[in-house]
Amino acid sequence: MEISYKALIIVYIKGYLLGAPIFLMPGPHMALLVAETIHKGRRSGIKFIVGTTGAIIIMGIILTLGIQNIGNKHFIISLGFVSSVLLLLIGMEGIRKSKYPFNNSDEKKSFESTMWKGFYITIFNPYAVVWTSTIGLKTLWELKQRGQGYVVSFELGFLSALFSIFGTIVYLITKDKFSRIIQKKYKVLVIILSVILIIFSIIFFIESLHKLLKSEGAI
C-alpha cells in the first residue's frame, strides 16, 4: 500500500491535537509534574517526562498488538483503587517533604524516583487507560488498516504534544524570573499540589467504589 506523505502529516497533526487537551488538562499528571519540578529542578521535570513517555509507548504497543482487555470493566475498577492508594502515598510524601528543599547529595536517587513516578502515574491512571482503550484503540485500529506508518505518525504527533506542553511547563517553572518567585512560595506551592493529588486519590476511590457497587447490583 502506497503511503502518502501528505496523509502522514495530517495523521501526525491529528495525534498532536488529540494529545494536547489531555496534557493541558489539570489533573494528577500536571500536579505531579509541577510539584517534582518545583521541588527538584528542571532535570527532574525532564525525568518525569521521560517516564511518562515510556508508559505511553508501552500502552501504544499493547494497543497495536490488539490486546483489548485493558478496557475490561473489572480491570478499570481495580486500577482505580490502585491509583487512589498510589496518589495518596505520593501526596502525603509531597506534604512531608515540602519543608525540605532539594538535596543534591540525594540527586541520583531522586531523579530515578521522579522518572518512575512519571511512568506509573500514567500506567495506573484510570482516566488515561479509559481514553487509551476507547478513543486511542479505535484510532490506532483504523490507522493500522492503512499501514504501520500511519500508526507511527499518529503516535509521534501524540508524543510531540507531550514534549511541547510538559517541556514548556518545566522550562517556565525553572526560568530565572519564575524560579525566584517560586522559591519564595516553595512550601505553600508544594503543599497545594500535594493536596490536589490527595483529592484525586479520593475521587478515584469514590468512582471505583461506585462502579464496583453498581457492577454487583448493590445500587
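How are helices α4 and α9 oriented to each other? I looked this up and recorded that α4 and α9 are roughly antiparallel.

**Entry 1: the model.** I noted that this is a predicted model, in which local features need pLDDT of at least 70 and side-chain atom pairs count only at pLDDT 80 or more, while totals for chains, interfaces and linings use all residues. Residues are numbered from 1 along each chain as its sequence is written, and side-chain values use heavy atoms, with hydrogens and water left out.

**Entry 2: the overall fold.** I recorded 9 helices and 0 strands in the protein. Helices (H or I, at least four residues) and strands (E, at least two) are DSSP runs, numbered from the N terminus. Along the sequence the pattern reads α-α-α-α-α-α-α-α-α. Of the 219 residues in the protein, 43% are buried. Here buried means under 20% relative accessible area, exposed means over 50%, and partly exposed lies in between (1.4 Å probe, protein chains only).

**Entry 3: helices α4 and α9.** I returned to the pair of the opening question. Helix α4 covers residues 73-97 and helix α9 covers residues 186-215; their axes come within 8 Å and cross at roughly 160 degrees. Axes are lines fitted to C-alpha atoms, for helices over the stretch in contact, and angles run from 0 to 180 degrees between N-to-C directions. Angles over 145 degrees count as roughly antiparallel, under 35 as roughly parallel, 65 to 115 as roughly perpendicular and the rest as oblique. The contact of α4 with α9 has 19 nonpolar, 10 polar and 3 charged residues. In this classification Ala, Val, Leu, Ile, Met, Phe, Trp, Tyr, Cys and Pro are nonpolar, Asp, Glu, Lys and Arg are charged, and the others, Gly among them, are polar.

**Entry 4: helices α2 and α9.** I then examined α2 against α9, whose axes come within 9 Å and cross at roughly 155 degrees. Helix α2 is therefore roughly antiparallel to α9. The crossing of α2 and α9 is left-handed.

**Entry 5: a residue of α9.** I located I206 in helix α9. I206 is exposed, with a relative accessible area of 52%. Between I206 and F81 the C-alpha to C-alpha distance is 8.9 Å, although they stand 125 residues apart in sequence.

**Entry 6: salt bridges.** Side chains of opposite charge can pair when their charged atoms come close. A salt bridge is counted when a side-chain nitrogen of Lys or Arg is within 4 Å of a carboxyl oxygen of Asp or Glu. By this rule I recorded 3 salt bridges.

How far apart are N and O in the salt bridge of E36 and K40? The distance is 2.8 Å. E36 and K40 lie 4 residues apart in helix α2 (residues 28-40), so about one helical turn separates them. E36 is buried at 6% relative accessible area, and K40 is buried at 9%.

K117 also forms a salt bridge with E36, at 3.0 Å from N to O. This pair links distant parts of the chain, with K117 in helix α5 (residues 107-123) and E36 in helix α2, 81 residues apart.

I found a further bridge between E93 and K117, with the closest N and O atoms 2.9 Å apart. E93 lies in helix α4 and K117 in helix α5, so the pair ties together parts that are 24 residues apart in sequence. E93 is partly exposed at 21% relative accessible area, whereas K117 is buried at 4%. Through shared partners, salt bridges join E36, K40, E93 and K117 into one network.

**Entry 7: aromatic rings.** Rings of Phe, Tyr and Trp (its six-membered ring) pair if their centres lie within 6.5 Å; planes under 30 degrees apart count as stacked, over 60 as edge-to-face and the rest as tilted. I recorded 7 aromatic pairs by this rule. The ring centres of F23 and F158 are 5.3 Å apart and their planes stand at 65 degrees, so this pair is edge-to-face. F23 belongs to helix α1 (residues 5-24) and F158 to helix α7 (residues 148-174), so the pair ties together parts that are 135 residues apart in sequence. Both F23 and F158 are buried.

The rings of F154 and F158 have centres 6.5 Å apart and planes at 25 degrees, so the pair is stacked. F154 and F158 are 4 residues apart in helix α7, about one helical turn. I noted finally that F23, F154, F158 and F166 form one aromatic cluster.

Note on methods. A crossing is left-handed if the near helix is turned anticlockwise from the far one by less than a right angle, and right-handed if clockwise.
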